[in-house]
Amino acid sequence: MSTPRLDPSRAELEEGLTACLAVPRWVLDVAGQAPFSSLDALLTVARAAATPLSPDEIDQAMTDHPRIGDRATGHSTSQAFARAEQQSSASDDELLAEALAAGNAAYEEKFDRVFLIRAAGRSRPEILAELERRLALDTDTERAIVGTELRDIALLRISQLFAHVDPHSGFDESDAAR
């Protein structure tokens, strides 16, 4: 018996990847290496294809990300991911929200884009501290960090999209019931 593969249709894979990182070159590079024997194999290819992202690709991907502290709107998979990621670090602290809003404004003034950070698993105070640290960086250093954050967000999203697949074997647990 052969091991089932991580093998959605090409269109499904491209749609899912686009929701993870809206960079057409990256989507095509990753999808072009399908099928994948496992989630780990997909993540390895996705990481390599996103390391590094060009400045233009970073700009492309950033159009799909809301400000930290703002609620993502829309019904796309990407917006649903953003809502869930930001909700995990939500806080009712008004002073913290005001500091985050002020930091976002200062960041946008300096770098001409919204502040981006992998919010999942981070508290609002941690996010604010990182925002304040990154405000002191030069444009090129900050752009490289944004590219890394975009890649890391994409990898988390891929893992969520394909959570039903065993990360090592590619075995879809739903197949066991058949």
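A residue counts as buried when its relative accessible area is under 20%, and as exposed when that area is over 50%. In this predicted model, phenylalanine 115 has a relative accessible area of 0% and is therefore buried.

**Aromatic pairs**
- Two aromatic pairs turn up when the whole structure is searched.
- One of them joins tyrosine 107 to phenylalanine 111; this pair is tilted, with 4.7 Å from centre to centre and 45° between the planes.
- Both tyrosine 107 and phenylalanine 111 belong to helix H6, where they are four residues apart, or about one turn of the helix.
- Tyrosine 107 also pairs with phenylalanine 115, here edge-to-face, at 5.3 Å centre to centre and with 75° between the planes.
- Together, Tyr107, Phe111 and Phe115 make up one aromatic cluster.

**Burial of the cluster residues**
- Tyrosine 107 has 0% relative accessibility, so it counts as buried.
- Phenylalanine 111 is at 6% relative accessibility and therefore counts as buried.
- Phenylalanine 115, as stated above, is buried, with a relative accessible area of 0%.

- Glutamate 109 sits in helix H6, which covers residues 94–111.
- The relative accessible area of glutamate 109 is 68%, so this residue is exposed.
- Helix H6 thus holds the exposed glutamate 109 as well as tyrosine 107 and phenylalanine 111 of the tilted pair.

How values were computed: Residues are numbered from 1 along each chain as its sequence is written. This is a predicted model: local features need pLDDT of at least 70, side-chain atom pairs count only at pLDDT 80 or more; totals for chains, interfaces and linings use all residues. Side-chain values use heavy atoms; hydrogens and water are left out. Helices (H or I, at least four residues) and strands (E, at least two) are DSSP runs, numbered from the N terminus. Buried means under 20% relative accessible area, exposed over 50%, partly exposed in between (1.4 Å probe, protein chains only). Rings of Phe, Tyr and Trp (its six-membered ring) pair if their centres lie within 6.5 Å; planes under 30 degrees apart count as stacked, over 60 as edge-to-face and the rest as tilted.
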